[in-house]
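Welcome! Take a moment to look over the model below, and then we can walk through some of its features together.

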Amino acid sequence: MKEHKEVLYGLYDDEEDLLRAVKQAGADHLDIMDVFTPFPVHGLDPLLGLSESRLHIAGFFYGALGTLTAFGFMTWVFTRDWPIIFGGKPYFSAPSFIPITFELTVLFAAVGMVVTFYTICGLGPGVVNPVLDDRITDDKFCIAFKTNGYSDTEIGKLRSFFSNTGASEVSTKTI
Amino acid sequence: MSAVISPIREPLIEGNKSYHDITEDIASPTEKVPNQTWILAFIVSVGFLTFGVVCIFWTVWFGIGSWDLNRTVGWGWDITNFVWWVGIGHAGTLISAILLLFRQKWRTGVNRAAEAMTIFAVICAGMFPAIHAGRQWMLFFIFPYPNTRGPLWVNFNSPLLWDVFAISTYLTVSLLFWYTGLVPDFATVRDRAKGLRKRLYNFLSFGWTGSAKHWQRWESLALILAGLATPLVLSVHTIVSFDFATSVIPGWHTTIFPPYFVAGAIFSGFAMVQTLMIITRKVLNLQEYITLAHIESMNKVILLTGSIVGTAYLTELFIAWYSGYVYEQFAFYNRALGVYAWSYFGMMFCNVISPQFFWFKRFRRSLWWTFFLSIVVNIGMWFERFVIIATTLARDYLPSSWSYYVPTWVEIGLFLGTLGIFFTLYLLFTRVAPVVAIAEVKSILKSSGDQYTGKNAEHHYKEVVEKSDTAHAHSH
């Protein structure tokens, strides 16, 4: 059973307002739960203190696995399991293993990374995630705070943060 | 925050759009009942598709004998069509991957549709080797699985098997790349929809929320996939060309094939993108997102790759003469002046001469010329594959085996059938998915929208400053 989150969120009309607000939130030591935007806003990650994605490192290992699988398997088949001479070439004819090795490297890396991406983001077919506002995928930029157990003063502080930073709408939602 | 954009760059989004306008313009075609043109086009496409299915059944039922292949012409229209479709399938990934790495912003207007086209073209292409195999029920023999025959493995040294790996990897990676790009846009459609549509699009959007961390990973994934897809797209047609180049047939056994096939693939792929985009932008009213600047950029790619192809043709002729090898010389003499000279000159005219019009800006920016030449180029690229395959095989080493190959109605029907599959899938795509990448277009609005670039930019800037000044005055 997932815990219900009480969320206080503000919507901004422009990504530049959003960036200024996130910067301000950092200065005010406010604990942002998440920021939702209709498209990737550059410059947001350092302000939110998000470390660089390590997806590419995973991709390297998936790719390396593909390389080894393909090259190793073809080598085993043609030198150990069932050696056949093709066109007078040696059993271990490495150059002609290259195309398939390359293709499987790309295939493993791509499939592995995509599966990892959806898994760590918690996305996938049939997943229903709460949507704070339908316009977040259209033209609104959203900063959300988790307010479980917050006192009225603390919530008031967040509300004044939103009005000071130019949020066009402020609402609450339990998700 | 946006990067510095040269003032001579043309805007890529016209019509002073806001973020909401972009959503509205691009997502709304998926929400409306299709118009008569669409329905008519769909009926025609499904008609061709049905005929294609009939021809597939005919081929499977009666065997490859229903084609007019013979002792030396073992590859005819089937492999011609296969190579043609694979070639067409090269533009999408080129646009979305290579142009992403080169930070070309104009890719955002056309990448979605071009990638869809890639996937559909590769599906059409993959069908031909499958039915060409003759005993289609034995097709699973191409997979290296532990079997009861030894296990006897497939020949990993064969370019035909490399092709299986290349095409299936290409299809898989393109599909993943395309779909991951679509997920945020499906979320946009979901959040506008009601009822059953909302449920459907929530399923398609994988529960996307637009969280900052998700976007960060999404961008990282797109970049790495682009980095992987770039060598992949070059490898696919290289490997297709190996089907020919590693054989010992004069006219095929040439080292120039890989680069020349890749250039030809990009050439024909972009031509198909032009054909489709010119119609799509008009029918779906997307002229402000797929602008003349986009069309012109693509025409420049067509000019470049067309000229590479032309240079390759001439190089081939020169090398045939220079090799001093009579069979090679005859192969090229026969292509240009033999019984199939009509296809050779058709190819030369369509692929080498026609794109040269694009040296002139007037032609590059003319929709009618672009549309006409894009079709000419695709006809030319079909001729190229026919010239390479049929004319070469019809004149073997033994003059007693020489023949004149013409296709049967079944072979023609299979080709028309794949056109039907392609257009049916494309038409369905335009109803279900946003044809332009909504999120990506929004991300370039501030740098390439017409209110932010060129002569309008200063005006807009002044307006914004004045507005914020008055706002300040009020707040104090």
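Two residues are in contact here when they have heavy atoms within 4.5 Å of each other. Keep in mind as you read that this is a predicted model. Setting aside the neighbours within four places in sequence, Ser268(B) is in contact with Gly87(B), Ile88(B), Val377(B), Asn378(B) and Met381(B). Is Ser268(B) buried or exposed? Its relative accessibility is 0%, so Ser268(B) counts as buried.

## The sheet of chain A

Now turn to chain A, where four strands form an open sheet in the order β2-β3-β1-β4, with antiparallel pairing. At the edges are β2 (32-36) and β4 of chain A, each of which pairs on one side only. From one strand to the next, the twist averages 25°. Strands of a sheet pair through backbone hydrogen bonds, in either a parallel or an antiparallel way.

Strand β1 of chain A (residues 6-12) is mostly covered, with six of its seven residues buried. Six bridges link β1(A) to β4(A), residues 169-174, and Val7(A) stands opposite Lys173(A) there. Another strand, β3(A), residues 141-146, is also joined to β1(A) by six bridges; in that pairing Gly10(A) stands opposite Ile143(A). Between β2(A) and β3(A) there are four bridges, again antiparallel, and Val35(A) has Ile143(A) as its bridge partner. Helix α5 of chain A (residues 152-164) packs on the sheet and touches β1, β3 and β4 of chain A, its direction making about 15° with that of β1(A).

## Where the two chains meet

How many residues of chain A are in contact with chain B? There are 64, and they touch 59 residues of chain B. Together the two chains bury about 5,500 Å², 68% of it on carbon and sulfur atoms. Across this interface there are 27 residue pairs in polar contact. On the side of chain A that touches chain B, α1 (15-27), β2, α2 (44-48), α3 (55-81) and α4 (98-121) of chain A each supply at least two residues. Of these, α4(A) gives the most, with 16 residues.

Four salt bridges are counted between chain A and chain B. One of them pairs Glu15(A) with Lys446(B), where the closest N and O atoms are 3.2 Å apart.

## Salt bridges within chain B

Over all chains, the structure holds 20 salt bridges. In one of them, Glu10(B) meets Arg365(B), with the closest N and O atoms 3.0 Å apart. Glu10(B) lies in the segment before α1 (19-27) of chain B and Arg365(B) in the loop between α13 (361-364) and α14 (367-393) of chain B, so this pair ties together parts that are 355 residues apart in sequence. Glu10(B) counts as partly exposed at 37% relative accessibility, and Arg365(B) counts as partly exposed at 22%.

A further salt bridge joins Asp185(B) and Arg112(B), with 3.0 Å between the closest N and O atoms. Because Asp185(B) lies in helix α6 (residues 159-192) and Arg112(B) in helix α5 (residues 107-132) of chain B, the pair ties together parts 73 residues apart in sequence. Both Asp185(B) and Arg112(B) are buried.

Note on methods. Residues numbered from 1 in each chain as written. Chains lettered and ligands numbered in written order. Predicted model: local features only at pLDDT ≥ 70, side-chain atom pairs only at ≥ 80, totals over all residues. Heavy atoms only, no water. Buried < 20%, exposed > 50% of the residue type's maximum accessible area, 1.4 Å probe, protein only. Pairing = 2+ DSSP bridges. Axes fitted to C-alpha atoms, helices over the stretch in contact; angles between N-to-C directions. Buried area = accessible area lost by both parts, 1.4 Å probe. Salt bridge = Lys/Arg side-chain N within 4 Å of Asp/Glu carboxyl O. Polar contact = N/O pair within 3.5 Å; in protein donor to acceptor, adjacent residues only side chain to side chain.
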